[in-house]
Each structure stands twice: as structure tokens, then as C-alpha cells.
There are 2 protein chains.
Amino acid sequence: MITDHPEAKAFILHWGEMGTQWGVSRSVAQVHALLYLSDRPIDAEAIVDALGLARSNVSTALKELQGYGIVRRVHVEGDRRDHFVAETDLWEMLMRIVQERKKREIDPTIALLGELAERLRGDTTAPAQVRERVVRMHEFIGTLGTWYEQVRVLPKPTLVTLMKLGGKVARFIPKGKSG
Amino acid sequence: MITDHPEAKAFILHWGEMGTQWGVSRSVAQVHALLYLSDRPIDAEAIVDALGLARSNVSTALKELQGYGIVRRVHVEGDRRDHFVAETDLWEMLMRIVQERKKREIDPTIALLGELAERLRGDTTAPAQVRERVVRMHEFIGTLGTWYEQVRVLPKPTLVTLMKLGGKVARFIPKGKSG
DNA sequence: ACCTTATTTCAGATTTTACCGAAACACCAG
DNA sequence: CTGGTGTTTCGGTAAAATCTGAAATAAGGT
């Protein structure tokens, strides 16, 4: 069992703590870490044994991870039980997590800000800077969202190149261009 | 008072909820939202009145926000009380938040992964894929961190241009270049 | 159809976290 | 020293998130 190895165990525990700091429950993050470290599909019962969680909790965690699209169910020959594997391509994993969080939290926020900005246009009693700053926040988050939508569809090699370029990308931008 | 305006109030409440989903307490996020919407420095007592929070809670929230570097204390003429203002440049704000979270959570994670990877090099009993995946995760997060450190020091106009370019940046990257 | 095994659901228990309010302490200016 | 202001600490409490265990449901095999 993977959790017999102290390093693997440490990884899983740390990953769990990370999760709590980023809005994912400890269990979910731990299950993900375990699957990430495994080279073969694992069934729910084995996850229970490895992590010491309740069966129902594992079920919920798996559902959540599948919702993020970073874990999927696979069939294993000669076994009736469902087995699960994690996405091992870390770019893919990151993109999917960001994608889902954008959908769940950012998009509704943009919608709300848009609505507030609209209402403020007709509200003469509201302080000018309130209107202005709500609008600015709306535009800012919108820009980030649009940027992400464009970047995420780039071919992975391009993405890797861009990342490795780091700040040097700036060199290749023609001066004066902005759209 | 800013919170008299329904749109401002809605903004503050939503911002508070957003906070809870991203690992910041509701109070901290609300105080930040209030300061962001204000065009003048606000003292702690006024924040208490506006948001209905305990004085001690506001004090803690302000400290936290100053820790992120997105709120600072200012002196107001003829008033002995401390007043506070929020960063209104959203780029600056985002960069500082990311910077701080990197420092608090990512950097320690990289350190731990590095340590685990090192230990795994000498552990012949550990499954090969465990070693490999811990190493890959270490490298991946390290790459992201390095990328961020480089991007954050770019001049703001450059940053804005890059953002607006979106996926089009890819066009300007010479083929075959990678470092 | 029936028995077996797998999975999900959900009410309640547990744990964690956030928050309040009061008290203690620190600071400064008059 | 005194009064105003600010921070910190901390016990108590409330709220929220998390997890459990049992019961319900679904699926599989014979």
C-alpha cells in the first residue's frame, strides 16, 4: 500500500493541508494525492483503508474530484467495483481546476459586478468613486477571465514554452501594439 | 456612510463570501471591500459601525490586510486615530495577494517536495512512480513560482499589454526557442 | 426473481473556525 | 498622572464545515 511509504504519506498529508487553505476539504485533497501517486486504479474501499476515512466521505470526495475533471472512473477487468485514476499531466490538472473554480466562483462574480455596475449607472445618489471602482473591478476580473479562456486552449507545448520564457516574453511584444 | 448604498452593500457582502471560498475570513474580505470602495481613509471605529463587527475583529482584519500589503495606515490631519486606505490599483492588489500566498503556502510546499524528492532518491523500496511523480510535482510548482517571480516585476503597462494580447502572444514566439 | 456487492444519501455528531466582548496592556499628548 | 486611542489576548459562543454511520438505492450475477 502506497501509504506505507513515509514519503508518500507525507505528501498526502501535506496535500490535504494545502487543500484546506485553498477551499477544498482535507479529505478531497488527500484522496486526490493518493490517486496521483498511484500507478494503477484504486477502488473506494482501498482508499478508505489507505487514508482511514469513512466510506461515504470517500464517495463524496471522488464525486467532487470527478466534478473538477481531475479524477475519472475506470473499469478493471474481473472486478465489479469502480476504480479511480487521477490526471497525471499537471498542466492539464491545473487548467481543469482553474476552469472549474472560474465557473463556480469567478463567473457568478462577474455577473454580479456587471449587474451592480449597471444599477449604479442610474443611481445618482451613489458616490462617484463607488460606481467607478465597481466598474473597474468588473472590467479587471473580466479581463482576467478572458485571458484565461484564451490561454487555456493553447497547445500544451506552446504553454510550456511561454512559461519557460518567463519575463522574457516581453521582448517579443512589438511596441505600441495592444490589440 | 458607504454601506447605506445598496449596491455598495451588495458588493461588500459578495466580497465577503468570495473571501471564505478562497481561504480568507469573511470579516477580512468585507473590511477590504469597504476600504476599496471608499475615497477617503477610514478609522477602525467607523469600520465597526459600517460592518457591524467587533472592534477586536476589525483590528485583526486590518492587520491581516496590511500583512498582504493591500491596505495601509495613513495619518489624517487633526485626528489622532489611525485611518486606513486600500490599494486601488487592481493589478498591484492582485500581485501582492499572490505574492503573499506564494510566500505563505507555495514556497513551503516547494521546500517540502524538494525534501521528499531528495529522500526518495535514496529509497529503493519506494515505488518508482511515487518518486517520479513527487519530482514532477516539485518541478511543476517550481516552474510556476519562477514564472510568477519574473512576471511580477514587469512594468505594469507591459503586463496590461500581455494580458490584452491573450492567446495571441503565441504568435510572437519564435519557433524552436525555449530558453 | 433473489441474493450479493457497490454506491449514494442524509441526519446527526464532531471538529474546526470565526467571531464577540471584556480585560489587560501599550502608547502618546496634554 | 489622566484621558483618549490602539493592539493583543482569551474564554465563551455561535456558526459552519466536515465527517461518520446507518439506511436506502442501484447494479451484478446466477
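A:Glu7 and B:Arg119 meet side chain to side chain in a salt bridge, 3.3 Å from N to O; the term covers a side-chain nitrogen of Lys or Arg within 4 Å of a carboxyl oxygen of Asp or Glu. Between chain A and chain B the count is two salt bridges. This is a predicted model, where local features need pLDDT of at least 70, side-chain atom pairs count only at pLDDT 80 or more, and totals for chains, interfaces and linings use all residues. Residues are numbered from 1 along each chain as its sequence is written, chains are lettered from A and ligands numbered from 1 in the order in which they are written, and side-chain values use heavy atoms, leaving out hydrogens and water.

**Where chain A meets chain B**

- Chain A and chain B also share 20 residue pairs in polar contact, both residues at pLDDT 80 or more. A polar contact is a pair of N or O atoms within 3.5 Å; within protein, one must be able to donate a hydrogen and the other to accept it, and residues adjacent in sequence count only if both atoms are side-chain atoms.
- On chain A's side, the elements giving two or more residues are α1 (6-21), α2 (26-37), α5 (90-121), α6 (128-151), α7 (156-165) and α8 (169-172). Helices here are DSSP runs (H or I, at least four residues), numbered from the N terminus.
- α5(A) gives the most to this side, with 13 residues.
- By class, chain A's side has 37 nonpolar, 17 polar and 11 charged residues. Ala, Val, Leu, Ile, Met, Phe, Trp, Tyr, Cys and Pro count as nonpolar, Asp, Glu, Lys and Arg as charged, and the others, Gly among them, as polar.
- In contact terms (heavy atoms within 4.5 Å), 65 residues of chain A pair up with 65 residues of chain B.
- About 6100 Å² is buried between the two chains, with carbon and sulfur atoms giving 72% of that area. Buried area is the accessible area (1.4 Å probe) that two parts lose on being put together, summed over both.

**B:Glu105, facing chain A**

- B:Glu105 sits in helix α5 (residues 90-121) of chain B.
- With a relative accessible area of 8%, B:Glu105 is buried; buried means under 20%, exposed over 50%, and partly exposed in between (1.4 Å probe, protein chains only).
- The side chains of B:Glu105 and A:Trp22 are joined by a polar contact of 3.0 Å.
- Setting aside neighbours within four places in sequence, B:Glu105 is in contact with A:Met18, A:Gln21 and A:Trp22.

**B:Leu34, within chain B**

- B:Leu34 belongs to helix α2 of chain B and counts as buried because its relative accessibility is 2%.
- Beyond four places in sequence, B:Leu34 touches residues including B:Ile2, B:Ile12, B:Ile47 and B:Leu51.
- B:Leu34 and B:Ile12 are 22 residues apart along the chain, yet their C-alpha atoms are separated by 6.3 Å.

**The surface near DNA strand C**

- Of the 16 residues around DNA strand C, those that come nearest are A:Ser59, A:Arg81, A:Asp82, B:Ser27 and B:Asn57; a residue is near a strand if one of its heavy atoms lies within 4 Å of it.
- The surface divides into two nonpolar, seven polar and seven charged residues.
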